[in-house]
Every structure is written in C-alpha cells, then in structure tokens.
Amino acid sequence: MRTIFLSIVLVWVFAPIFAQDWKTQTEQADYIHRAIKQVTDVMVYDIYSPPVTSRTYAYVSVAAYETLIQDQGTYLSLAGQLHGLKPIPAPDQTRPYSPTLAAVHAILTTGKTFVISEEKIEAFEKNILAEIKAKGTPTDVFDHSIAYGKQVADHIIAWAREDQYKQTRSLPLYRVRNDAASWKPTPPAYIKAIEPNWNKLRTFVMDSAAQFKPVPPPAFSTDTNSVFYKDAYTVYRQVRNNSPEQLAIARFWDCNPFTMNVRGHVMYATKKISPNGHWMNITRLACKQANADAVQAAEAYACLAVTLADCFISCWDEKYRSSVIRPETYINQHIDPSWLPVLQTPPFPEYTSGHSVVSSGAAVMLTKLFGDNFAFADSSEVEFGLPVRHFASFRVAANEAAISRLYGGIHYMPAITNGQKEGFTIGEFFVGKLQTRKE
C-alpha cells in the first residue's frame, strides 16, 4: 500500500516535468541550423548564383527570426526596419505551440519557393518533423506550430514578391560591348553575365543600391606605364609566384558555384558553396561555439543575411556600372596569351570584388554579435575536400577572403581594397541601423 502511495506521489510531483520534456528536447538551436543548412545544400545542388543565394538567405532567415521572437520579451521585430516588411501575424497565445518547430517549418516552407529542387526540401522536412514529433510533442502543439509556421512563411513570401525580383527576369540581358575596356565572357564556358539587373531589387536597409557607391576603378589603359597595366601585371606576377599557402587560401575561398569542367566534348559543373553560404556556415559554427540558443541563432542568421543581401545589391550595382574587364582577358590580350588564373573566372564584371564586399560586411556584423576577438575553426569547405582553416577573428577571415582573389588571379587590387571599404562601410551602417534587442 505504501509503495502504491509513493508511486502516486511521484507521478503527481514529476508529471509536469515529464509532460514538458518534449519542449526541452525540441526547443534546440540545432533544428534551426539544420534547416538553414538544408536550404544551403539545395542551392548548391541547383547551382544558384551568389546574388540569388543572398536573396534566399535573407528571406528564410527573417522568417526564422520573426517566428522565434514571438514569445520573447527582449527581442524586437524587423518589421518597419526592413523595407516593405509589415508586422508579422502573432500566434494564438491561448493555444500551446513550439516556436522552434514553427520556425523550422517557416524556414523550409519559405525556402521551397526560392529553389528548383523543392522535393529535396520536402523530403528533409518530412524527416525532421517526424523526429520532432517523436520527441513527444503533443499532437495539438505540433499541429498549431505547423499552422503558425506556415502563416509566417506566407507573410514572408508575400513580402518577397514585392522586391522586383520577378520583374528583373524580363529585363534585357547584358550586351557585351566591343570596346577593349569592358568585360567579356571568359573561358572555359563563356557564360553570359550573371544578374545584370540586380541593382533594381528592393534593398533591405540601404536607401538605394548606389548609397555606398565606391570610388571609380583606375582608367583602362594598355600603356605599360599606366596604373591599369601595372595592376594587371601584379595579378600576372602573383599567380606565377604563389606560395603553397597562397594557393591554399585561394582555393579555400573560391566559393564559385559556376566552376565548369571541360573534358573533351563533355562539360559539367562542380557544385560549390557561395560566398553567402560560406559566411552563413561560419555563423553556424560561431553559434555552436558560443552555445547560442535557437532565438540567438536566428538573430545571427537574420542580421547577417540581410547585410549580405544589401552588400550584393551594392556590389552588383557597381559591377555593371564600371563593367571592368577581368584579369584573364586583359593579361591574355596584352601580357601573356598562355596565362591562366588559379581560379576559374566568375561570369560577371570585375569591379568591385564581390567576396571582398560581402566578407567585410559579414565580419562587421558577426563581430557585433560575437565579439572582436572571436577565434574559430572554419570547417565550411571540408565537405568540398578542403581542410579546416583557423582564424583569430572574423575580420582576419574577411581579410584573407579578400586577398584570396588576388592569389586566385581573378581580381586586381583596387577591386579588393575598394571592395573591402565598401563592405566595411555597409556593415557599419547595418550595425547602426538594425535593432534586435530592447535596451
């Protein structure tokens, strides 16, 4: 009799704890990381261009953040801070739900509208939702969470439809100019210029695409005493004299989804992560190292992603304004016809360097979130066969990403140094404008 009584008491005392165990198991940042990584993997599979990936990351990350902050008293919505974003629908607080489950569904539902291979996201979501359900999530909680995640996703998707992306699909493509100074398609695939109208997209925080317009590039010249020729010769000489470490740096930061391989009559693409994907993955690594919870992780992703998105709009605005010829074309025509860069030249104009702009912007934002001297091991390229690299800070990583473009033979130094200035300035602008925490 006493045993029965003790059992009843134990059940009465611990039943609330057992009933809430599903919450401790499911309200985990890892589910957010995995959902974002799945979107990355599908974009790599679909061979999405760097500008397009930046747009996708921004919308899926904002969807995650806005979902997760609804039951948080210290976080601020990005509605009213990001252009065109209206207040997110609030959940029904009379019904229990899982913010993390809702956020995962919001990420993946939003993500499906931006990719070609929707079925890959659907298969992943089926498995991850089953996993969360198996943690003991009550049916009513599960259903309400899914419903709320879809509500947020629908809101974000409607917001995305107004950013002029669809309209840019029907705008004229870049016409290759006949003058000697302008960008020309490069070997081996001679791909047409990517996203020449990207500056027409609605910005996220910047006033306009040209708000942080960099200084003009050096004037084109074939005179051996000119600045332009000397800049080109610097690239030529660097590639011929790269050390093993410099080659390793170039390859680590390649991040070119457009690498084309030619084997006789066969041509195929090597699928790699974009600059955005690399920095989103660095964010995942930083979050795990800092033991960030789900809300903090979503905050980091959202702040970084919208910064990257505006960095790309700014950079692409300049690329098609100046339309600078790539080193490969110039060097082959005016210095050495047999010269080849270390990295395959990406299919868009040279100035400014995209990786220099976005890496610098990313470094500023991540420094704000994680601190000045946040040392980390970057394993982002391991899945692509490259070893881990170690960095003492985000700025050190950004500096290496920028100079990698010289080692790789795809950018002149002005595009790198002025690209960094552009990115650092945009990053500081975002740090000053975006508010995610109540003071």
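User: Why does Glu 195 count as buried?

Analyst: This is a predicted model, in which local features need pLDDT of at least 70, side-chain atom pairs count only at pLDDT 80 or more, and totals for chains, interfaces and linings use all residues. Residues are numbered from 1 along each chain as its sequence is written, and side-chain values use heavy atoms, with hydrogens and water left out. Buried means under 20% relative accessible area, exposed over 50%, and partly exposed in between (1.4 Å probe, protein chains only). Glu 195 has 12% relative accessibility, and therefore counts as buried.

User: What is the phi of Glu 195, and where does the residue lie?

Analyst: Glu 195 is not a glycine, yet its phi is positive, at about 50 degrees. The residue lies in the loop between α8 and α9, where helices (H or I, at least four residues) and strands (E, at least two) are DSSP runs, numbered from the N terminus. Tyr 190 is found in the loop between α8 and α9, and its phi is near 50 degrees, a positive value in a residue other than glycine. Most residues other than glycine have a negative phi.

User: What makes the protein chain as compact as a globular protein of its length?

Analyst: The protein chain has 16 helices and four strands. Its radius of gyration is 24 Å, close to the 22 Å that the globule rule gives for 439 residues, so the chain is as compact as a globular protein of that length. The radius is taken over C-alpha atoms, and the rule is 2.2 Å times the number of residues to the power 0.38.
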